[in-house]
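The entries follow the order in which I looked things up.

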Amino acid sequence: MAFCVNFFAADPIARISGATSNTLEYAIGYMRGYYIGAPFMALLMVLMPIVNLEGDKIINYISAITVMVVNLVGDLIASLYFKSVFAIGFATSIAYVCGILVLMIHFFSKKTMFHFSFKNIGLKSLKELIVTGGPNSAKAGFVFARNIVINNIVALVGSGVAMTAFSCQAHITPFLESITIGLISACLMLSSIFYSEEDTDALNNLIKTLIRWVFTVVLAFAIIYFTLAPYITKFYGVGGGNENDEAFVQTVWAMRADAISGIFIALFFFLGCK
């Protein structure tokens, strides 16, 4: 239902998010193409941890690579042949559909313990889902609201240069976040085992080790990110790679500010361990 609302309400959502008269048409086109595949994106995020839990990491890798390759090829075709922003968003949707199809191979095999069924779908399960997913939904809602505010501020007081810098920085930020999420996810299975066995010493040691690794890895990547910001900006093609271009300069400093925040995130985890 949420995806249907987003698809048909793309116009007001784009306006609220800060789209101007010059960018509104492109924003609506991309959003509608992207939202077609949104249910498959959500399903992929739900199923991948289950597949990983059953030890079939290879099919997860194949699925992720399929999404990346199909998305890249689709974007090139959409940009060069169709020349449509909607087609670019739709290419992403097709990529996630292909990723789901690859992942389904695991669930049709005999070794899986999980099977799909509709018999437990009801108001009770819906209530449990809402209660369990409430905190994550609230967090996602906050991020959405924050992005709306930032987009409108940039559009109001900034310029196309500022929007370019913000867009590039926003694309890199999830990479730093994914490092922390990946490290934490890797320890979830061990922590659940220790928790079920009531082995508090092992659980405490695992958490402390995890936090130290998060500190070390995030700090290292933040420093590398800060140092390589000009080269990453060139890779994105900002300002035609001209280091004196205003868009290039602002993008570099936007990325470096993001890298500095990563250093503080690492310190937060480390001090929390202490």
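I call an angle under 35 degrees roughly parallel, over 145 roughly antiparallel, 65 to 115 roughly perpendicular and the rest oblique. I looked up helix α5 (residues 57–82) and helix α6 (residues 85–107): their axes come within 8 Å and cross at roughly 155 degrees. α5 and α6 are therefore roughly antiparallel to each other. The contact of α5 with α6 has 16 nonpolar, 9 polar and 1 charged residues.

The model is predicted; local features need pLDDT of at least 70, side-chain atom pairs 80 or more, while totals for chains, interfaces and linings use all residues. Residues are numbered from 1 along each chain as its sequence is written, and side-chain values use heavy atoms, without hydrogens and water.

Next I looked up T251, which is found in helix α11 (residues 246–273). T251 is buried, at a relative accessible area of 0% (buried is under 20%, exposed over 50%, partly exposed in between, with a 1.4 Å probe and protein chains only). Beyond its neighbours within four places in sequence, T251 is in contact (heavy atoms within 4.5 Å) with T164, A165, C168, T233 and V238.

Last, I looked up the aromatic rings and found 5 pairs (centres within 6.5 Å; planes under 30 degrees apart are stacked, over 60 edge-to-face, the rest tilted). Y34 and Y35 have ring centres 6.2 Å apart and planes at 70 degrees, so I noted the pair as edge-to-face. Y34 is partly exposed at 29% relative accessibility, whereas Y35 is buried at 18%. Ring pairs link Y30, Y34 and Y35 into a cluster.

Definitions and conventions
Axes are lines fitted to C-alpha atoms, for helices over the stretch in contact, and angles run from 0 to 180 degrees between N-to-C directions. Helices (H or I, at least four residues) and strands (E, at least two) are DSSP runs, numbered from the N terminus. Ala, Val, Leu, Ile, Met, Phe, Trp, Tyr, Cys and Pro count as nonpolar, Asp, Glu, Lys and Arg as charged, and the others, Gly among them, as polar. Rings of Phe, Tyr and Trp (its six-membered ring) pair if their centres lie within 6.5 Å; planes under 30 degrees apart count as stacked, over 60 as edge-to-face and the rest as tilted.
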